[in-house]
Every structure is written in C-alpha cells, then in structure tokens.
Amino acid sequence: MNKQQIQLLFQQVFNNEADLCVQSPGRINIIGEHTDYNNGFVLPAAIDKKVMVGIRKREDDLIVLYAEAFAEKKEVKIPEMKPQGDWADYMLGVVAQLIKKDYVVGGFEILLTGDIPIGAGLSSSAAVECATIFALNELFSFGLEKMEMVQMAQMAEHEYAGVKCGIMDQFASMFGKKDHLIKLDCRSLEYEYIPFQNQDFALVLFNSNVKHALVDSEYNIRRNQCNEGVEMIRKYHPQINSLRDVETEMVEKYIRPQDELIYRRCQYVVSENIRLLQLCEALNHNNLDNCGKLMHETHLGLSEDYEVSCPELDLLVKIAMEQPGVIGARLVGGGFGGCTINLVRKENLESVIYEVENGYKLSSGKESTTYIVSVEDGTKLI
Ligand code: GLA
C-alpha cells in the first residue's frame, strides 16, 4: 500500500484525512538469538516487509483504532485504557508508556495496515509499536529521541503484551538502514552499521506457517533460566551481572555440576555471543562459507541446547542445508515456529526454493511460504 491508498482507506474508515502516515519494518537477524536480554550482541536488519499507519488528532480523549488485517475497529477512552488481549495492545501499550512518562496524549484515530506476516518471527508486533510511537511523537510533537522510543516500545511489549522481550526487535525496526546490518551491543546500546550488500547471494526466508502454543510463556521461562544461571555464578563472582560477563569456563565450573538444564541454556548464550563476533570477522573478510557455518551452529544450539526450535523449523533447516548453494540456514527470532533465514547463492536460488518447498510439504504435509527479502531503512514518515 502506498500513501494514497492509506489515505483512501483512512477516508473510508474514519470519514477524514490522516494528518500523517508512518511506516515501520519487520526485521531479520543474521546471528545473535536470545542474546539481547542477556546483555549480549545482536546482528539484525530491517527488511522490506513493513507495517504502515495513518493517524489523525481528535479533540476529545478517545482512541479509535482500525486494523485492516482483521477489518476490526475499536474505541478506547484514554482514562479507561487497559490491555485488551489482542492486536490493539501493541498500539495502546505505547500510549500507556507515554502517559507513564507524563506526556500528554490526546485522542486520535489510527489505521493499521501492512504486509509483515504475523507470528512468523519477523517482529510484526515491534513494528506496530515503533510505527505507533513514531506517529504519536510526530502528531503531538513530543520531541522524543529514537532510542527513547525504542525503549518505550519494548516496555509496551512487556507491560501490555506480557512478553519480557529484549531490545533487538524494536531497535532494528527503528534504526534499520538500507543495505546494512546493525551490530548492537545490548549492554552499552552502542551500535555500528555493517555494509551488507552482495550481488552473489539472496536472503531467503521460509515460513513454516506454524506457531506453536506457549511461545510467550516459554520465552519468559528461558529468560528466567538465564537469570538463574547468573545467580549461580554470582555466588562466586559477585561482580557478574549478566551472561554477557560470563566465560565458558565459568559455566562449566559453577553451573554444569549443579544443573544440567540451566547449563545448556547458559552455555548456548555464551557461545552465541562468541559466534556473533566470529561472524562479523568472517563478514569483514568476505568469508561467506564461514558465516554460513556459524549460522548453522546457531541453529543447532537453539534446537538442542536452548530448545526453542520445533520439528517444522528443524526440517526446513535440514532440507536447506542439503541443497547446493545454501550458505547457511537457521531459525530466526524467538523460535517455536515462524521462519528460517537462509543465505542462498543466486545461481541456485530457483532450485533451492523448489527443493525446500517440496521437501517440506512431502515430509510435514504442510505448506511453507517463501520470501526473498531486501534490507531497508527503519521507521520513517511516508
Ligand atoms: C524475540 C524477542 C527479541 C529476541 C528474540 C530472540 O524476537 O522479541 O527481543 O529476544 O526473540 O533473539
């Protein structure tokens, strides 16, 4: 949808013209999964799948929301705002954060549309949060910095959606840059753009089209398990605050003898940070094969040690890795369903897509969906 089409729909839904329109992208992550809430590194990028909102000020204290995907309209009075248990929470959640920080939010109408597949591990919810806070910041001239908006969007997810997510998704959606990955240090929040443009390979996502139940609760459980691991080490090294400060040897020495499960969780996170730094080094030397090898190691760690994969994702990765031209493949995002990310040599693209789609269907009985994505800019006015 372009701006004219958003305006047209806005007119139909609200009988008025939107004051402004904003787009905010979904994200991929090359490596660094489940490291963000452990103060580690991530390497995401914004993609060409995005949400778009049109927004208009009202003179009262009513928020009127419309989601094109569900053809559903909702009305909420600002003083009576509370979590709704549905799509509206990603938008109301950021309003709640603004109010918490004493920003005066008046009534408004907002239309939500876009093409990020929901539940695919591409962070459609973070994109909605970022689009909403960016639009409100423009509409009411709050003068917020991008990083503040990212942090408030993250807290909206914690408090309105109940997922204790890290900062990666909102950060990538807001700070994305065309043809660049973002290497973010989630401890210092320092970041660096790394050029990521290669004529020889494509970024391919295979959506398993499954989303297993308990995703959100399992996510929070992983987070707690990591904290438990940190506590075990802190007894001996009180200066340690997160798994980012932990060495492999400490995990072996202090956690392994006590708790095998916590050991596997922590050992995955510690090695994932190391893999990320190695992958950046490999990218620097244009060593694609090494990048692919590291991505696949991440998948194995996520599947066997962190246990956030599922049979469908393992199958997509297995079939992909058997194909000539696949440099690397792994699940992307939180896990338990959604997409795999694949680096595929362009000359093999057609046959890889054919083989993965068919192999997946034959073995699982399910249909996958393929997206070839490009790396694009973050949240902006349209
Ligand atoms: C979800 C969360 C992120 C991150 C990933 C896993 O997408 O929202 O903060 O933890 O899972 O890397």
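Predicted model: local features only at pLDDT ≥ 70, side-chain atom pairs only at ≥ 80, totals over all residues.
Residues are numbered from 1 along each chain as its sequence is written, and side-chain values use heavy atoms, with hydrogens and water left out.

The pair I began with belongs to strand 7 (residues 180-185) and strand 8 (residues 191-195), which pair in the antiparallel sense over five bridges, pairing being called when DSSP finds at least two bridges between two strands. Five residues lie between the strands of this hairpin, and L189 takes a positive phi near 60 degrees there. As background, most residues other than glycine have a negative phi. L189, a residue other than glycine with its positive value, is found in the loop between strand 7 and strand 8.

On its other pairing, strand 7 is joined to strand 2 (residues 41-42) by two bridges, and these strands run antiparallel; here the bridge partner of V42 is L184. Strand 7 is mostly covered, with six of its six residues buried, where buried means under 20% relative accessible area, exposed over 50%, and partly exposed in between (1.4 Å probe, protein chains only). Its side chains are divided so that H180, I182 and L184 point one way and L181, K183 and D185 the other way, and all are buried.

Turning to strand 1 (residues 20-29), ten of its ten residues are buried, so this strand is largely enclosed by the rest of the structure. Nine bridges join strand 1 to strand 3 (residues 44-57) in an antiparallel arrangement, with R27 opposite A46. Strand 1 also pairs in the antiparallel sense with strand 13 (residues 380-381), over two bridges, and there V22 stands opposite L381.

Next, the second largest pocket, which holds about 250 Å³ of space. A pocket here is an open set of points on a 1 Å grid over the protein atoms alone, where a 1.4 Å probe fits and protein lies on both sides within 12 Å along at least five of seven lines, and lining residues have an atom within 4 Å of a point. The volume is the space filled by probe spheres set on the points, which are joined across faces, edges and corners. Its lining has 13 residues, of which N198, F201, A202, V373 and S374 lie nearest the centre. Strand 9 (201-211) and strand 12 (369-373) each supply at least two lining residues, and strand 9 gives the largest share, three residues.

Strand 9 also contains N209, whose phi is near 60 degrees, again a positive value in a residue other than glycine. N209 is partly exposed, with a relative accessible area of 43%.

Among contacts (heavy atoms within 4.5 Å) between residues at least 6 apart in sequence, 70% join residues at least 24 apart.

Definitions and conventions
Helix = DSSP H or I, 4+ residues; strand = E, 2+ residues; numbered from the N terminus.
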